[in-house]
Amino acid sequence: MGVLLNVNNLVMEFGGIKAVDNLCFTVQEGEIKAIIGPNGAGKTTVFNAITKAYQPTSGEIWLGDVNLTPLPQYKIIEHGISRTFQNIRLLDSLSVLENVIVGYDSKLNSGFFSSLLRTPLQKREEAEAKEKAMEALKFMGIDNKANLSVSSLAYGDRRKVEIARALISKPRLILLDEPAAGMNPLETQELMEIIRKIRTESRSVLLIEHDLRLALGISEKVVVINFGKKIADDTPYEIRQNPEVIEAYLGKEVS
Amino acid sequence: MFDINSYIVQILTIIGINSISALGLHVVTGLTGQFSLAQAAFSGIGAYASALISLKTGLPFPIALIVGIIAASLIAVIVGWPSLRLRGDYLAITTLGFGEVFRVFLLNFEFTNKALGLHGIPRETNLFITYFLLAICIIITWIMTKSRIGRNMITISNDEAVAESFGIKLSKYKLLAFTISGAFAGLSGGLYAHNILYVNPSDFGFMKSVDVLLYIIIGGLGSLPGAILGSALLTGLPELLRGFSQYRMLVYGCVLIFLMIYRPQGIMGKSDSSISKLIRKKLHHIDKTSKGGAV
């Protein structure tokens with residue numbers, strides 16, 4: 001198993017504030033890795049830098065042997081990275097199925113005229129997209145809700161639609177931004193099963209999580225960041241014992 | 001002699017012409033979520049271009065119309081290319097500025113007869129041609145909305161960050177929407193010129209753009225039937241109110257206010273694709289940028 005994602009000396013500055021400071025870490029192929037850290041530690045900023053929503057101030061991001069650093073945001077998915085968002089971002093004017101199909105758009109080629117003329121190629125593409133979307137929804141166990149409007153779904157199901165949208169393009173690396181936020185213990189349990197299932201399809205998962213039980217329970221490696229700096233990168237077992245991590249989460253003992 | 005029949009035919013023709021322009025704005029504002037106040041200017045380009053062809057070359061009407069469409073969509077590309085990088089209010093101001101520049105240009109351009117405008121345009125537009133072309137525009141818009149193109153446009157209007165994360169190139173779809181809206185506006189302008197038989201710069205001013213925007217907002221932003229219904233209602237209403245003589249615009253204004261209070265999403269609009277959502281989204285956007293927080 002080789003290195004899939006390589007984040008090298010990533011710096012993200014916003015007007016003099018260093019949100020991410022010289023961060024280095026890697027994600028192996030087929031690995032589940034978590035990024036944890038207190039509020040405002042810069043976790044989501046790291047995600048935004050990897051998906052190029054933000055242009056890194058300095059440093060490099062490599063996916064396999066592709067340098068993502070100079071690429072524009074819309075090209076990232078073509079190289080096999082897709083993501084979910086911390087505050088679920090579904091498209092309320094589209095149905096569940098259409099929301100998932102949007103995730104497959106990078107694989108479609110038909111343009112304006114072939115769409116208007118409804119050429120055989122365009123029809124085949126649309127049918128294929130629909131089929132893949134149903135597959136992804138089935139994987140998430142919500143294929144019976146395909147034709148509903150997303151605004152009518154319960155919170156947990158909305159999360160699942162978002163994950164299905166990220167999965168449909170079969171990315172090599174999937175970024176989950178706080179997938180368990182707002183979920184009850186049962187739903188969290190279900191989510192852990194899903195994340196394990198994603199991995200068995202030989203894909204890597206990088207997740208940000210506040211729920212430490214989920215983060216430490218599921219991942220092989222955990223990166224801990226605080227104030228934009230990496231303070232640990234280790235197995236969940238070691239992380240639990242690390243005094244720096246305990247300090248970042250619970251504060252220092254007054255002696 | 002006042003002929004009631006030809007009066008009604010004329011109103012129906014104008015409704016058809018306005019609907020075509022409204023459909024264009026529906027694509028750019030209703031589907032793609034970009035505020036454009038240049039729709040009247042694009043109509044003006046179509047009107048002047050096709051009128052000039054008819055007057056100066058005497059070529060047949062379809063060719064004049066096609067030239068009008070091409071001219072308007074070409075200018076839409078030229079204007080859209082740099083300005084579609086802007087968002088929300090900035091785009092609205094840029095398109096508004098373009099509209100005014102166009103009007104002032106016409107006022108001072110010898111070739112288009114300055115403020116006097118062009119007259120003696122042959123009468124070519126009739127009810128049948130107008131509604132035939134409107135039907136074609138509706139079909140094009142409908143098929144597009146149901147295809148990948150429409151889906152991506154709706155995605156952009158819902159959430160640009162999501163669109164870009166999933167490989168939808170914003171500039172491409174925004175420019176496409178802008179070009180389609182320019183083409184429809186150009187067609188509607190060509191029909192207008194050959195119906196009214198006289199065009200002058202003040203026909204294509206800022207207020208006309210606002211009118212078109214009103215059609216799609218009252219009809220229901222994001223709804224294709226709404227765009228048509230809004231055009232029909234707001235074009236027909238001032239005519240129905242002729243009985244109120246000088247008070248008719250007052251009544252018209254009150255009707256608009258009541259519609260916005262009791263049906264803010266427009267007549268055909270779902271509560272989700274409403275103007276209130278657009279405003280909410282804008283507030284949200286301001287909120288986000290001021291906090292500079294997580295995307």
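## Close-ups of a predicted two-chain model

**View 1. Helices H1 and H8 of chain B, packed side by side.** Helix H1 (residues 4–31) of chain B packs against helix H8 (residues 170–196) of chain B at an angle of about 170°, and their axes are 8 Å apart. Keep in mind that this is a predicted model. Angles over 145 degrees count as roughly antiparallel, so H1(B) and H8(B) are roughly antiparallel to each other. On the H1(B) side, look for residues including Thr13(B), Ile17(B), Leu25(B) and Leu31(B). Across from them, H8(B) brings in Phe178(B), Phe184(B), Leu191(B) and Tyr192(B), among others. Sorted by class, this contact has 15 nonpolar and six polar residues, with no charged ones.

**View 2. Helix H1 of chain B again, now with helix H10.** Here H1(B) meets helix H10 (residues 224–240) of chain B; their axes come within 8 Å and cross at roughly 140°. That makes the two helices, H1(B) and H10(B), oblique to each other. The crossing of H1(B) past H10(B) is right-handed. Among the residues that make the contact are Ile11(B), Asn18(B), Ala22(B) and His26(B) from H1(B), along with Leu224(B), Ile228(B), Thr235(B) and Glu239(B) from H10(B). The class count for H1(B) with H10(B) comes to nine nonpolar, eight polar and one charged.

**View 3. Strands E1, E4 and E5 in chain A.** Strand E1 (residues 3–14) of chain A and strand E4 (residues 58–63) of chain A run antiparallel and are joined by five bridges. To find your place, look for Val11(A), which stands opposite Ser58(A) in E4(A). E4(A) is also joined to strand E5 (residues 66–67) of chain A, again antiparallel, by two bridges. In that pairing, Trp62(A) stands opposite Asn67(A) in E5(A). E4(A) and E5(A) form a hairpin, with two residues between them. Gly64(A) sits in the turn and has a positive phi of about 60°.

**View 4. Where chain B touches chain A.** Chain B puts 27 residues into this contact, and chain A puts in 30. On the chain B side, helix H5 (127–146), helix H6 (148–158) and helix H7 (160–165) each supply at least two residues. H6(B) gives the largest share of that side, with seven residues. By class, the chain B residues that touch chain A are 12 nonpolar, nine polar and six charged.

Definitions and conventions:
Residues are numbered from 1 along each chain as its sequence is written. Chains are lettered from A and ligands numbered from 1 in the order in which they are written. This is a predicted model: local features need pLDDT of at least 70, side-chain atom pairs count only at pLDDT 80 or more; totals for chains, interfaces and linings use all residues. Two residues are in contact if their C-beta atoms, placed from the backbone, lie within 7 Å. Helices (H or I, at least four residues) and strands (E, at least two) are DSSP runs, numbered from the N terminus. Ala, Val, Leu, Ile, Met, Phe, Trp, Tyr, Cys and Pro count as nonpolar, Asp, Glu, Lys and Arg as charged, and the others, Gly among them, as polar. Two strands pair if DSSP finds at least two bridges between them. Axes are lines fitted to C-alpha atoms, for helices over the stretch in contact, and angles run from 0 to 180 degrees between N-to-C directions. Angles under 35 degrees count as roughly parallel, over 145 as roughly antiparallel, 65 to 115 as roughly perpendicular and the rest as oblique. A crossing is left-handed if the near helix is turned anticlockwise from the far one by less than a right angle, and right-handed if clockwise.
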